[in-house]
Structure formats: structure tokens, C-alpha cells
Amino acid sequence: MTFTATAEAMTPTNPTTATPTGGTAGTADASGLGGLPDVPCPRELSTRDARELTRVFFDRLQSLDEGTREYQYVRNTLIEMNISLVQFAARPFRDRPGGPENEDIVQVGIIGLIKAIDRYDPERNTQLTTLALPYITGEIKRHFRDTTWAVRVPRRLQELRLELAKATEELTSETDHAPTPAELAERLALSEDEVREGLVAANGYSTQSLDVPQENATGATQGPTAARTARSLGETLGDVDPALEAVEDRHALAPLLADLDERSSQILELRFGQEMTQAEIGAEIGLSQMQVSRLLTRTLGTLREELLHD
């Protein structure tokens, strides 16, 4: 529904012919709202009608006491009539990577619109748009700054990320290659350590699930089987090699083995190097199976005690 304001309806000094408004905020007293045009669907007004009616409602708002039902109705109607400003200001932010849902952006922008309406002074003879758009945009940017980082970093680093992104784009177009930290530091008049800190912090802006399938090297899919054969990021990451612990143990055990007597070293070699049984070891070195078992147990116990003690 589009409401076209008439000169008579928009004249607040003619209370005898105007109809008190009902609107979305409830019915107010006729004595407080006489002269205001009826706006049953404020959000459906055309831009021209909303601009004209905004002036009328602001004039009446100045004469009402804050906290009254009449004041709340006029204020709420002003908010509803100017929702289009929020839609306009939120449009550039909707496709931002890592951004919230569109409805979240609009809700945050409405907060800025409310602040602008509460601070607007019609006597300054300026349009509400002039004040509202900076407020709305500021609230949306603040929301992105405070809620969309996957890892929270200081505000200084959040702002540095934007500067680095802009400088990187400029230097890339000028030099045809990705800029180095030194080149970025020179462009931004910063130290290389500050640039590196900002680059590391920028990695915390967004995250990616380890289960997301990765594209091939060219970034293109490879037919209908690509989804079945693509590995996830988690599958491409390395894991702790259990053999590393064995390397450390062997390194610590080497000097202890060097201190063993010849017979003990020979028994260990035959048992664990050549995987011979105790009976076979006894036959090899001229001892009984029981003697080999006792020597082996004693040697292993000594090595274990010294290894744990170190």
C-alpha cells in the first residue's frame, strides 16, 4: 500500500479535519495526535511520502513528552517509515565474507536508525538521511568488528588488517607481485614486526572446517566424481609420527648399551636383534635357558632403571 500525502493531511495546524492515527504502536489519544495523517503501513510508504511525513511526525514529536503513549507511537512510526534507510545502508555488507545473516545486519542497522531519530533536531533544517546513514553504517561496522572475528584480537589489529588489505591491493597493482612485509611496512610507515603481527592476526578473521572438501590445485572441479574423491583439509594435515618417540628412546639408550659387558650385549643382540629364543641363545653361548632368562631379566631391569632415572 502506498500512501500519498495531501497538503491538508500534512498540515498539523488543522486538527479539526485530521484523523488520529492508529498505526502499529497502538491507538493514542486524539488530543495528543490530532492533525497527524493515518499511516496504517509505514514500511510500505514510497520514499517521497516517507520523507514528507517524517517532517510532519518530527514536528509533532517535539511537542510530546517523552515516555507517553503518544510519544512512543510517533517515535515508532518514524522508525517504521525510515526502515528503507537501513536496507540501503546494509546492502554493501551482505556479501562480506564471514558476515552475519542479512536479517542480523538489518536488526543492527535499526539500532543506528533509532539513535539517529533520538538525536535528530528538525530545527537544524537538515534531512534525517544526513544524520541517519552514518549512524546506521557505524552500528553495522561495529557489529562486524565485535562479532564476526573467529578469534578475538585487539581493535588495533582489527584496524591494521584493513590497512594491510588496502595497501596489499595497491602494491600488487603497482608492482605486479604480492608485496613483502618490508614493502608493506614502508607503505604504511610501520615496522616489519608490526606488519607481521597484523598479518598473523588477520588469519583469525575467519576459519574453515577441517571437514570441508578441498579443491584441486587449479581450483576447478573434476567432474561428478570430484565430490567423492576430494579429501578434506583434515585428511591433508600431518599427524604425530609414533616413530619419533622411538628415535628419542634409542638416542637415550645408546650410551647405556655401550656400558654393558660383552656377554650382556651379546644376549640382547641375539634376543632382540636376531629374535632368537632363550633356548637358542643358551645353545649359542653355552648357557642353560634358565641362566639366559636371569641374565636377560637383570640386564633389562638395569637399563630400564637407568633410563627412567635419566
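This passage describes helix α5, its residue Leu-113, and the loop residue Met-276 in a predicted model. Residues are numbered from 1 along each chain as its sequence is written. In this predicted model, local features need pLDDT of at least 70 and side-chain atom pairs count only at pLDDT 80 or more, while totals for chains, interfaces and linings use all residues, and side-chain values use heavy atoms, with hydrogens and water left out.

Helix α5 comprises 18 residues and spans 26 Å from its first C-alpha to its last, close to the 26 Å expected at 1.5 Å a residue; the expected span is 1.5 Å times one less than the number of residues. Helices (H or I, at least four residues) are DSSP runs numbered from the N terminus. Buried residues (under 20% relative accessible area, 1.4 Å probe, protein chains only) in α5 include Ile-105, Val-108, Gly-112, Leu-113 and Ala-116. The buried residues of α5 are covered by elements including α2 (47–61), α3 (69–81), α4 (83–90) and α6 (128–147).

Leu-113 belongs to α5 (residues 102–119) and counts as buried because its relative accessibility is 0%. Beyond its neighbours within four places in sequence, Leu-113 is in contact (heavy atoms within 4.5 Å) with Ile-79, Asn-82, Ile-83, Val-86, Ala-132 and Ile-136. The C-alpha atoms of Leu-113 and Thr-137 are separated by 9.4 Å, the two residues being 24 residues apart along the chain.

Met-276 is located in the loop between α13 (262–273) and α14 (278–285). With a relative accessible area of 14%, Met-276 is buried. Residues up to four places away in sequence not being counted, Met-276 touches Leu-270, Arg-271, Ile-281 and Glu-284.

How values were computed
Helix = DSSP H or I, 4+ residues; strand = E, 2+ residues; numbered from the N terminus. Buried < 20%, exposed > 50% of the residue type's maximum accessible area, 1.4 Å probe, protein only.
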